[in-house]
Amino acid sequence: MALQEQLDRFKKQQEKCQSTLTSIAASAKPKPTQKFTPAVAPPNAKPPAPAVKFSNDTERLQHINSIRKAPAGAQIKRVIDLLFETRQALTPEQINEACYVDINANKTVFDSLRKNLKVNYDGKRFSYKSKHDLRDKSQLLYLIRKFPEGIAVIDLKDAYPTVMEDLQGLKAAGQIWLLSNLDSQEDIAYPNDPRVPIKVDDDLKQLFRGIELPRDMLDIEKDLQKNGMKPATNTAKRRAQAQIQGISSKPKTKKKKHEISKRTKLTNAHLPELFQNLNKS
C-alpha cells in the first residue's frame with residue numbers, strides 16, 4: 001500500500017510540472033504580427049494636395065499682400081479684367097480666391113465696383129456688363145441690321161470674347177461692311193442686307209458724278225443746312241479758334257494731281273471715267 005501511494009504522488013507531481021512547463025512555453029511564444037491594410041479611397045475622392053514649401057508659400061503671401069496694398073484703382077481694374085475674361089457672375093469670396101482682391105475688406109473697392117458702368121451687381125454677385133448684351137454671331141448681325149446708319153465697332157468690342165473674329169467673319173461673308181470714319185479714324189459696321197438689292201440707273205450715277213462741290217467748307221455747310229441736314233463740321237468756329245491761337249486760316253494750296261499710270265494700284269474700278277487717261281496712254 002505504501003508503494004502505491006508513492007506512485008500516485010509521483011504521477012501528480014509530474015502532471016503539475018507538465019502544466020507549469022506548458023504555461024511557461026505559452027507565455028514565451030511571440031504573438032503573430034498584424035498586417036496593416038490601408039483603407040481604400042473612394043473613386044471620387046480628390047488626390048491630396050501637394051505639400052507647399054515654405055519658400056513658395058512666402059512668395060505667394062507676399063504677392064497677395066502687394067495686391068491688397070495696391071491703389072484702389074488697380075484693384076478695381078484687376079477685378080473688372082477677371083469679370084471680362086470669365087464672363088461669369090462671381091461672389092466676393094470667389095473674386096478673392098481668383099485674383100486676391102478682398103472686396104469685403106475694402107469698402108472703397110466694393111462701392112466703386114457696385115457703381116461702375118462696366119459691372120453689374122445683383123446684391124450677391126458681380127458680373128461684367130457690356131454696352132450691348134450679345135452672345136453670338138447671329139445676335140451681332142441682328143444688332144448691326146438695326147443700325148442702317150452704322151454702329152461704332154468700339155461699342156461692340158466687349159460684347160463677348162470672340163466678337164472681333166465674328167465681325168471679320170460677317171465682313172468676309174458679305175453680310176456687313178467695315179468702314180473707317182474719316183474724322184475719328186474708328187471703324188464703323190454697316191449692314192449689307194442681301195435681301196434689299198439696290199440698282200442705280202446710269203443717268204443718276206452720271207448726275208451724281210457731275211455735281212461739283214464748292215471749294216470752301218463754309219459753302220458746303222450752308223448747302224447742307226438749306227437742305228435740312230446738320231453738318232458734321234463747324235468750319236466757322238474752327239477758323240475763329242485758329243485765329244485766336246494765331247494760326248493762319250488760309251486754305252492750303254492744292255497739290256498738283258498726279259496722273260494715273262499703268263503701275264498705279266486701282267481701287268475704284270467701279271468708276272471707269274477715272275481711268276480714261278490710263279486707257280489713252
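In which loop is Ile198 found? Please go on from there to the sheet.

Analyst: This is a predicted model, where local features need pLDDT of at least 70, side-chain atom pairs count only at pLDDT 80 or more, and totals for chains, interfaces and linings use all residues. Residues are numbered from 1 along each chain as its sequence is written, and side-chain values use heavy atoms, without hydrogens and water.

Ile198 lies in the loop between strand S5 (187-191) and helix H8 (202-210). Helices (H or I, at least four residues) and strands (E, at least two) are DSSP runs, numbered from the N terminus. Ile198 counts as exposed because its relative accessibility is 72%. Exposed means over 50% relative accessible area, buried under 20%, partly exposed in between (1.4 Å probe, protein chains only).

Now the sheet. S5 sits in an open sheet of three strands, in the order S3-S5-S4, with antiparallel pairing. Strands pair if DSSP finds at least two bridges between them. Strand S3 (151-152) and strand S4 (176-180) are at the edges with a single partner strand each, so one side of each has no neighbour in the sheet. S4 and S5 run antiparallel and are joined by five bridges. Leu178 stands opposite Ala189 in S5. Helix H6 (residues 137-145) packs on the sheet and touches S3, S4 and S5. Contact means heavy atoms within 4.5 Å.

His132 is placed between strand S2 (126-128) and H6. His132 counts as buried because its relative accessibility is 15%. Beyond residues up to four places away in sequence, His132 touches Leu143, Ile151, Asp155, Leu156 and Ala159.

Note on methods:
Axes fitted to C-alpha atoms, helices over the stretch in contact; angles between N-to-C directions.
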